[in-house]
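Below is a short briefing on one model, written for a reader who has the sequence and coordinates at hand.

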Amino acid sequence: MPKAKKPKKICILQNKKKGREALDINLKNDTQLDDVIEKYENIAITGHVRPDGDCLGSCLGIKNYINNKFPSKKVTVYLEEIMDRLNFLPGVEEIDHDFNKKAGRKHDLIIVLDASSFDRLGDSEAIFEATESRFSIDHHATNTHFVDNLVLEPESSSTCELVYTMLDPKYVDYNVAMCLYTGMITDSGVFKYSSTSKRTMIVAGELMDRNIPFQTIIDGAFYSKTYEQAKVCAYAIENVKFAFDGKCAYAIVDKNAMEKCGVTPKDMDGTIDELRLIIGVECALLIYQIDENDYKISLRAKDYMEVDKIAVEFGGGGHVRAAGASFDGNLEANLKKILELIGAQIR
Ligand code: 5GP
Ligand code: MN
């Protein structure tokens, strides 16, 4: 007999008509995550390639929460190497970065956070495939629904914000709050991107109630840079090009330039903000080289452009005003295509 197809339980928390104002500020704290965790003993948690603050914060936030509420469960976070400035998060030292040896390692449950498509899992694809029970929480409108049990809320400013609404607040201690607050500030640009809502501020307030050093977190996780990161920002500004009457600023940082600045792809977070902040710029584009034939695209919009649509054309995704993708072919031809797509939206 053919195996019955598992039913999908995709829960899309969205009310398009009312936008972010529709987010429930009463924080009823949905219990489905606890119900899932309760059923399994050996749990894997993972996120996306080049983990950012939201990915890392949601993974470690849930890990610390499970340790508090379900101390007998074994829980392992699998992520790529993280950027130095997020090293202060409680639980970073226990992250398993060593995927290759553990390819295919089986768990009873895998929780996938902040990852919008299968290819975003990178090295943790093998662990994902070996584990039958899967649960995912995400906030990318471009999510491809690759996990059967998915809680998706595109209106949420971060996965961390959404995660908080799914936790039992009694077990959200200082450590959990540190992690979730970090993801909230990095994905909302310290509460300034258009995704920031009244609920964002209420959740942030609840986390501040756990006496977290919020000023230190904001400086450490968002504003501070290593000298090498400052150098690569300077390189991007020095080599910026403008298109469409200065409404688009773009820079290309190749491997050679990255080596000269002393950075690797995980250090590039924040570089594009320098381009976005230039007065008159609606759209910022940063292309950086990951490998000989592998380029990463980052796109940001200020007021009206929908850059996720451009990223999707390259097989990527993200949010309306912040999106990304990659390409492996010819730099010039791809740049031309991206600029054409930008030009079609610029007013
Ligand atoms: P960043 O430009 O900072 O890498 O990413 C901005 C946003 O776009 C993030 O929400 C990130 O998850 C998403 N994003 C970046 N690169 C990709 C990609 O290659 N594929 C998909 N699906 N999303 C991406
Ligand atoms: Mn996110």
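Predicted model: local features only at pLDDT ≥ 70, side-chain atom pairs only at ≥ 80, totals over all residues.

Residues are numbered from 1 along each chain as its sequence is written, chains are lettered from A and ligands numbered from 1 in the order in which they are written, and side-chain values use heavy atoms, with hydrogens and water left out.

**Helix H1**

- Helix H1 spans residues 32–39, and its buried residues are Leu33, Asp34, Val36 and Ile37; buried means under 20% relative accessible area, exposed over 50%, and partly exposed in between, with a 1.4 Å probe and protein chains only.
- Helices (H or I, at least four residues) and strands (E, at least two) are DSSP runs, numbered from the N terminus.
- The buried residues of H1 line one face of the helix, because they fall within an arc of 160° when seen down its axis; the arc is that of the directions from the helix axis to the C-beta atoms.
- Glu38 and Lys39, on the other side of H1, are exposed.
- The cover over the buried residues of H1 includes strands E2 (42–46), E4 (109–113) and E5 (134–138), together with helix H2 (53–69); contact means heavy atoms within 4.5 Å.

**Ligand 1**

- Ligand 1 is surrounded by 15 residues, of which Arg120, His140, Lys296, Ser298 and Arg300 are the closest; a residue is near if one of its heavy atoms lies within 4 Å.
- By type, the shell around ligand 1 holds 3 nonpolar, 9 polar and 3 charged residues; Ala, Val, Leu, Ile, Met, Phe, Trp, Tyr, Cys and Pro count as nonpolar, Asp, Glu, Lys and Arg as charged, and the others, Gly among them, as polar.
- Strands E10 (294–301), E11 (317–318) and E12 (322–327) each supply at least two residues of this shell, and E12 gives the largest share, 4 residues.
- An N or O atom in the side chain of Arg120 is 3.1 Å from an oxygen atom of ligand 1, and one in the side chain of Ser116 is 3.3 Å from a nitrogen atom of the ligand.
- A polar backbone atom of Gly324 is 3.3 Å from an oxygen atom of ligand 1.
- Of the 500 Å² of accessible area that ligand 1 has on its own, the protein covers 87% (Shrake-Rupley method, 1.4 Å probe).

**Thr182**

- Thr182 lies in helix H5, residues 174–187, and counts as buried because its relative accessibility is 0%.
- A polar atom of the Thr182 side chain lies 2.7 Å from the backbone oxygen of Met178.
- Not counting residues up to four places away in sequence, Thr182 touches Leu86, Phe88, Leu89, Ile217 and Ala221.

Definitions and conventions: Polar contact = N/O pair within 3.5 Å; in protein donor to acceptor, adjacent residues only side chain to side chain.
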